Amino acid sequence: MTPSVCAPVRPLIAVLALCLPAVALAEGGTVTGKVDVTPTKYMEDTVVYLKLVPGTYTPKKLAMDQKGMKFIPRVMAVTVGDTVRFLNSDAVAHNVYSPDGESYNLGNFAKGEEASYTFKKTGVYAQLCSIHPEMLAYIFVGQNPYSAAVDAKGNYTLKDVPPGTWQLEVWNANKLKAAPETVTVVAGKTVTQNLSVKR
Ligand SMILES: [Cu+2]
């Protein structure tokens, strides 16, 4: 609440009536829960996301490192239009390419160098290195920013979700599936939705 908007001094009740609705309108809610994966060894590489949330989203810049011969993080959830900077913290050269979607190959680069890619299409991009075939990560590119990789225990949280009723879905690299759920988000509130992911 900005004092200047609410001044001059009025009885408290009038001030609240004038100021609170404007604050509440801009506020989102939280969707959280736990994903139960069968078999549990496929817990990794799971993203929970809202299928379609109309809006215009400011493009973000994120970073994926290559460190200890691994892509870090292993699973990254971004929004279409976002740019990912691929870093190299290892002493050896790495390559960055993906055969998925519109596909890209950002070439090879040494420690301390980087290359960037802006994702123009939604989908899941396997992130590979042609020099080290064992390196693998996934970049989930959603229509909206309300997506998250689950943590090691299967927990996820989607923050600042606009109020409304949305479809909650799951992507899993091992092609496990979950029935879509409908969640209703209320400003300032948290809705808990657990998901069961299986074959
Ligand atoms: Cu590599």
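Since the model is predicted, local features need pLDDT of at least 70 and side-chain atom pairs count only at pLDDT 80 or more, while totals for chains, interfaces and linings use all residues. Residues are numbered from 1 along each chain as its sequence is written.

**Overall picture**

The protein chain has two helices and 17 strands; these are DSSP runs numbered from the N terminus, with helices being H or I of at least four residues and strands being E of at least two. Of its 199 residues, 30% are buried, where buried takes 20 or more other C-beta atoms within 10 Å of a residue's own, exposed takes 12 or fewer, and partly exposed is in between, with C-beta atoms placed from the backbone. Contacts (C-beta atoms, placed from the backbone, within 7 Å) with a separation of 6 or more are 61% between residues 24 or more positions apart.

**Strand pairing**

Strands pair if DSSP finds at least two bridges between them. Here are some of the pairs:

| Strands | Sense | Bridges | Opposite residues |
| 3 (61-67) and 6 (83-87) | parallel | four | K61 and T83 |
| 6 and 9 (114-118) | antiparallel | five | L87 and E114 |

**The core**

The largest nonpolar core has 43 residues; such a core is a set of buried Ala, Val, Leu, Ile, Met, Phe, Trp, Tyr and Cys residues joined through C-beta atoms within 7 Å. Strand 11 (residues 136-142) gives the largest share of this core, five residues. V35, V47, V48, I139 and F140 have the most contacts inside it. Leaving out residues up to four places away in sequence, V48 touches V35, S147, A148, V150, Y156, L168, V170 and L195.

**Over to T192**

T192 sits in strand 16 (residues 190-192). T192 counts as exposed because it has 10 C-beta neighbours inside 10 Å. Beyond its neighbours within four places in sequence, T192 is in contact with T32 and G33. From T192 to T157 is 35 residues in sequence and 9.2 Å in space, C-alpha to C-alpha.

Definitions and conventions
Two residues are in contact if their C-beta atoms, placed from the backbone, lie within 7 Å.
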